[in-house]
Amino acid sequence: MVKNGISDLTLEQVEDLLERAEKAAREYVLSQVPATRIANLEVVLYAEGIKPLTVTVDVEVVLSPLMKDFDVEALTKEATKRAFIGIEENLRELECKSKK
């Protein structure tokens with residue numbers, strides 16, 4: 001959980017937050033594995049509450065059989081981490097804007 005000085009987020013701000021987090025996770029996966037070697041990539045984000053806002057990130061990657069020695073678990077963990085980093089960065093931006 002990240003504490004900040006932001007008043008309640010609007011629906012548009014939450015949607016933007018989730019879209020940016022999803023993009024960060026997808027970009028990370030695609031930076032590590034060629035798209036042609038990915039059989040399925042799902043990034044699902046859930047947001048609950050207002051204060052505090054609770055976000056759950058679920059990244060699922062199924063790779064081509066040609067990638068049998070690739071560490072998919074480490075890939076999904078790092079992609080999830082990147083999504084949360086994106087959320088934190090977005091919240092800091094919103095906090096800066098709300099102080100102006």
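This report describes salt bridges in the structure above.

The model is predicted, so local features need pLDDT of at least 70 and side-chain atom pairs count only at pLDDT 80 or more, while totals for chains, interfaces and linings use all residues. Residues are numbered from 1 along each chain as its sequence is written, and side-chain values use heavy atoms, with hydrogens and water left out.

A search of the whole structure finds 6 salt bridges, each being a side-chain nitrogen of Lys or Arg within 4 Å of a carboxyl oxygen of Asp or Glu.

Within helix α2, Glu73 and Lys77 stand 4 residues apart, about one helical turn. Salt bridges with shared partners also join Asp16, Arg20 and Glu93 into one network.

Helices here are DSSP runs (H or I, at least four residues), numbered from the N terminus. Lys23 and Glu27 are 4 residues apart in helix α1, a separation of about one helical turn.

Accessibility is described by relative accessible area: under 20% is buried, over 50% exposed, and in between partly exposed (1.4 Å probe, protein chains only). Arg20 is partly exposed at 36%, and Glu93 is partly exposed at 37%. Glu27, at 47%, is also partly exposed, whereas Lys77 is exposed at 53%.

How values were computed: Helix = DSSP H or I, 4+ residues; strand = E, 2+ residues; numbered from the N terminus.
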